[in-house]
Amino acid sequence: MIKWFKNIGPGALIAAAFIGPGTVTLCTLSGVKFGYTLLWAMTLSIIATVVLQEMAVRIGIITQKGLATVIKEQIKSSFLKKATIILILSAIFIGNAAYEAGNISGASLGMSAVFGESLFSVYPVFIGIIAFILLFIGNYKVLERSLVALVVIMSFSFFVTAIITKPDLGLMFKGMFFPSFPEHSLLTIIGLIGTTVVPYNLFLHASLVKEKWKNKEDLVYARKDTLISIILGGLVSMSIIVAAAAINGVEVLNVMDLGKSLEPLYGSFATTFLGVGLFAAGITSAITAPLAAAYVVNSCFGWEANLKDYKFRIVWGFILFLGVLFSSMKFNPIEIIKFAQIANGILLPVIALLLLWVVNKSVVLGNYKNSLPQNIISGVIILITIILGFKSILKVFELL
């Protein structure tokens with residue numbers, strides 16, 4: 001157990017990455033509108049995320065290369081290689097730049113719940129400085145430990161909030177393991193799965209594990225780290241749904257509305273716990289999004305740069321700067337976000353298929369390639385990603 005705790009890290013960073021302000025808001029709305037009935041969508045999300053991230057982890061540790069690098073090497077067609085790189089860069093780099101403002105704004109909203117709204121305009125800059133310092137240090141261990149600490153704080157905050165609402169355990173477990181489709185719930189179900197199964201996390205995870213582990217024998221620790229961290233992240237999302245399910249007959253649009261709605265029953269500390277949780281969710285995503293983009297650009301252009309390389313720093317610095325700027329100006333780059341959503345909608349199934357193709361190649365993984373049971377499970381999950389990608393693209397076009 002002690003040895004495992006020493007090896008924890010990359011998986012927790014992936015959990016930190018997929019639990020951002022968007023996830024928190026969506027889980028809040030799911031709980032308010034549908035109670036416990038959509039918890040099964042999170043159960044499915046956890047399984048899908050564990051399977052896909054484990055494949056990315058295997059590639060990172062066995063090859064000691066980034067996922068984009070491995071995919072590039074295995075695609076022999078020059079046209080397909082360039083098309084794949086353009087798609088990856090469009091979805092990850094442009095997408096993360098567009099969403100970064102939301103991460104910083106979410107963290108700022110959390111701070112305002114704890115410290116008041118009078119300094120709201122200062123919070124984005126403060127959060128940007130913290131993220132900048134942690135990324136600029138360029139020490140993987142410092143970055144990892146900081147994010148793990150924030151994940152622990154976030155988990156504790158949302159778990160406590162869920163517990164104080166005294167949930168109905170019977171209904172909760174029924175919601176987790178028995179699928180149901182209430183009226184008008186389809187988009188929420190797709191959203192809950194889509195906000196957990198995130199394409200950029202596959203690239204981030206493959207790069208992070210090779211920073212931490214260098215030997216094939218370490219794969220057992222990486223798998224445990226992935227399994228436990230992602231289950232923990234899924235339980236955090238479920239906790240938000242459970243807390244929100246305690247609200248009846250009140251309009252709730254975000255997690256801070258949830259805190260105010262809980263105050264009459266559970267006191268002002270409900271808002272404080274939710275605020276701390278939202279701050280941790282926002283700032284961890286505000287750090288991991290630029291980091292993922294830098295790793296992806298690094299792999300796509302074959303820089304082989306490390307965390308302290310100026311090219312690596314320019315990429316994450318640019319995305320962080322845009323996030324702080326847009327958040328401070330309260331500017332919502334709608335057209336960029338729409339483009340990013342379309343690109344991500346295409347990227348998720350494409351990368352999932354490429355991932356499955358790569359992990360079946362002996363030349364890449366040798367004895368660590370996929371077994372038949374792994375391929376069957378992965379195939380089902382990839383089918384889900386194709387449906388998700390298609391639905392997310394349709395949703396964007398409906399808004400045009």
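Modeller: Start at Gln-64, in the loop between α4 (39-63) and α5 (67-74). Helices here are DSSP runs (H or I, at least four residues; strands are E, at least two), numbered from the N terminus. The model is predicted, so local features need pLDDT of at least 70 and side-chain atom pairs count only at pLDDT 80 or more, while totals for chains, interfaces and linings use all residues. Residues are numbered from 1 along each chain as its sequence is written, and side-chain values use heavy atoms, leaving out hydrogens and water.

Gln-64 is not a glycine, yet its phi is positive, near 55°. With a relative accessible area of 28%, Gln-64 is partly exposed. The scale is simple: buried is under 20%, exposed is over 50%, and partly exposed is in between (1.4 Å probe, protein chains only).

His-184 also has a positive phi, about 65°, and is not a glycine either. This residue sits in the loop between α9 (169-177) and α10 (186-194). His-184 is exposed, at 69% relative accessible area.

Now the helices. Two packed helices are described by the angle between their axes and the distance between the axes. Axes are lines fitted to C-alpha atoms, for helices over the stretch in contact, and angles run from 0 to 180 degrees between N-to-C directions.

Take α6 (residues 78-115) and α15 (residues 310-329). Their axes come within 8 Å and cross at roughly 45°. The pair is therefore oblique. By the cut-offs, under 35 degrees is roughly parallel, over 145 roughly antiparallel, 65 to 115 roughly perpendicular, and the rest oblique.

Which residues touch? From α6 they include Phe-93, Ala-97 and Ile-104, and from α15 they include Val-315, Ile-319 and Phe-326. Contact means heavy atoms within 4.5 Å. By class, this contact has eleven nonpolar, four polar and one charged residues. Ala, Val, Leu, Ile, Met, Phe, Trp, Tyr, Cys and Pro count as nonpolar, Asp, Glu, Lys and Arg as charged, and the others, Gly among them, as polar.

Gly-323 belongs to α15. At 0% relative accessibility, Gly-323 is buried. Apart from neighbours within four places in sequence, Gly-323 contacts Glu-100, Ala-101 and Ile-104.

Rings of Phe, Tyr and Trp (its six-membered ring) pair if their centres lie within 6.5 Å; planes under 30 degrees apart are stacked, over 60 edge-to-face, and the rest tilted. Phe-132 and Trp-316 are edge-to-face, 5.4 Å centre to centre with 65° between the planes. Trp-316 is buried at 1%, while Phe-132 is partly exposed at 39%. Ring pairs join Phe-132, Phe-136 and Trp-316 into a cluster.

One more crossing. Helix α2 (residues 10-18) and helix α12 (residues 219-244) have axes within 7 Å, crossing at roughly 25°. That makes α2 roughly parallel to α12. This crossing is right-handed. Among the residues that meet are Pro-10 and Phe-18 in α2, with Asp-225 and Ile-230 in α12. The contact has five nonpolar, five polar and one charged residues.

Notes: A crossing is left-handed if the near helix is turned anticlockwise from the far one by less than a right angle, and right-handed if clockwise.
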